[in-house]
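The tour goes from one selection to the next and says what is found at each.

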Amino acid sequence: MEGGIDGRALDATWPRYARINTLCNNSHRIGKQLQEEGWMEVMYDKSEVDSKQFLKMVSSLKETQYLADLHITNLLVFPPKSQLYDHSLVKDGSLMLQDKASCFPVEALAPPPGSSVLDACAAPGMKTSQVAAAVCGDWEAAFGGEPPAGAKVVAVERSIKRFGILKGILERSMSNGVTELVNQDFLKIDPNSHADVEYIVVDPSCSGTGMARRGGGDEEPSTERLETLASVQTSLLLHALSFPSVKRVVYSTCAVSVVENEEVVAKVLENAAGWEVVDIMPTWERRGLGEFSDGQKFVRALASEDMCNGFFVAVLGRKGQSKSKKRKHKLEDNEELSEEILKENSDIVMNEQLVEKVKKKKKKSKDNKCDLDELVDNECVPESNEVVDADIEVKKKKKKKSKDKLSETNEVDNSELNDIKPPKKKKHKKTEAEESICLNEVVNSELNDIKPPKKKKHKKSKETEEMSEELSEDASEKQRKKKKKKDKAKLIIA
């Protein structure tokens, strides 16, 4: 949400994006099927069209028209409100419903066929499936055979819940044939255990301020929260640079704040020797902020102008070829710096890991069922205001401990009173005085169990003695009929 704009209304005017999953199908067969169903592709020369002209073409699409995207490989653009979620090509994994901006990181990273890629924050899995298709080149898993030699994807996800979603999407997209799933925190992974990884995707938790589906009522994140997120994001990016064979690392967020984007990259470059920002996506016109030296090498998207969610992308590449000893030393320095930042923000990272337990389920939007794949991939904030919200919840739990003790005491009081009543007989209504004495005795016994046994004898007040006498008289009158009640009354008075 930008400047108070209600993203829900904005999103309704956008086209619907569907990425061709080359692991299941190819553009020729998909185009043929769409044509048979009555769709017509709008053809144009990409070399003669700029971004503004392309957006006009998208806005002019008729109900049964579609076109290929200008900036993203294998991405199709359909008119707004096109109902694609139940289409046969979507159900069999040939088309993946994925927002255009969500396709930026992999497009910018551009891993070649046969390469090894690690996705550091993989769930829900749309980007991971896009990576799998890229490293497999023209190979179609649906038709059997073997993928290109060396083609491999390592999908890392720490959340058990989101790990399940990731697994499901990779199976439907037939990406699981070249993907190794790792249910672990990326920061705890030893870089040397994945020495063959050449490319890394770092798309971490963020404030989600670029998301159009957030709704008009969402509050803008505080400065404190942005700084907290940036600390974790910096640690993740530095850790990625410490992998021994990595050549390029893409960093992306669905946020528009400078703190989470340009400033994170700048801080990492100040502390990570041997790395630089590289040029990406030359046909995309919107760039990073000019006050940064590498601003023109960054890519930004604005929800209010680009017909997709707000996004930021930067790719870091290793500078030239350095000697193995120097490279090893630099990698160790990056790893130590990442651990240092992690220690300084240990509470932050711990709170982020507790998000799944703390977060409450949000109300589902009407089109949640229709665009499940697109929505889960656009959930850049792993499930709420994670890092800061988790910290608040933990503090609240601590404050509740004392209240819980009192409530437990009250429950014990009720259970003790129930035990005093004679079983399977008519209930005897105690007078206020009688209940007061019972309660006092039970509470005192509970307090003696919890606190050090320093007992203080209190003299009975006159009121207590008078009440005791009244109870004694009542008990003696009913002695003939119910002898057990008399014994109970005497115990209580005693």
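Start with Met96, which lies in strand S5, residues 95–97. This is a predicted model. Met96 has a relative accessible area of 0%, so it is buried. Show its surroundings next. Leaving aside residues up to four places away in sequence, Met96 touches Tyr17, Ala18, Arg19, Asn21, Met126, Ser129, Ile169, Arg172 and Ser173. Pick Arg172 from that group and draw a C-alpha to C-alpha distance to Met96: the two are 9.7 Å apart in space and 76 residues apart in sequence.

Select helix H6, residues 126–136. Is this helix mostly covered or mostly uncovered? It is mostly covered, with 10 of its 11 residues buried. Met126 and Ser129 are both among the buried residues, as are Lys127, Thr128, Gln130, Val131, Ala132, Ala133, Val135 and Cys136. Step past the end of H6 to Gly137, which follows the helix and has a positive phi, near 60°.

Now zoom out to the whole protein. Colour by secondary structure and you have 17 helices and 13 strands. Of the 494 residues, 48% count as buried. The accessible surface comes to about 26,600 Å², and carbon and sulfur atoms account for 50% of that. Taking contacts between residues at least 6 apart in sequence, 77% join residues at least 24 apart.

Charged pairs come next. How many salt bridges does the structure hold? It holds nine.

Select Arg29 and Glu140. They form a salt bridge in which the closest N and O atoms are 2.4 Å apart. Arg29 belongs to helix H2 (residues 27–36) and Glu140 to the loop between H6 and strand S7 (152–156), so this pair ties together parts 111 residues apart in sequence.

Move to Asp69 and Lys100, whose side chains meet in a salt bridge at 2.9 Å, N to O. Asp69 sits in the loop between strand S3 (65–68) and strand S4 (75–78), and Lys100 in the loop between S5 and helix H5 (104–109), so the pair ties together parts that are 31 residues apart in sequence. Asp69 and Lys100 are both buried.

Select Glu305 and Arg286 for another salt bridge, again 2.9 Å from N to O. Glu305 is in the loop between strand S12 (299–301) and strand S13 (311–318), while Arg286 is in the loop between strand S11 (275–277) and S12, so the parts tied together here are 19 residues apart in sequence. With a relative accessibility of 46%, Glu305 counts as partly exposed, and Arg286 is also partly exposed, at 25%.

Then show Lys152, Glu180 and Asp196 together. These three are linked in a network of salt bridges.

Key:
Residues are numbered from 1 along each chain as its sequence is written. This is a predicted model: local features need pLDDT of at least 70, side-chain atom pairs count only at pLDDT 80 or more; totals for chains, interfaces and linings use all residues. Side-chain values use heavy atoms; hydrogens and water are left out. Helices (H or I, at least four residues) and strands (E, at least two) are DSSP runs, numbered from the N terminus. Buried means under 20% relative accessible area, exposed over 50%, partly exposed in between (1.4 Å probe, protein chains only). Contact means heavy atoms within 4.5 Å. Accessible areas come from the Shrake-Rupley method with a 1.4 Å probe; for residues, only the protein chains shown count as cover. A salt bridge is a side-chain nitrogen of Lys or Arg within 4 Å of a carboxyl oxygen of Asp or Glu.
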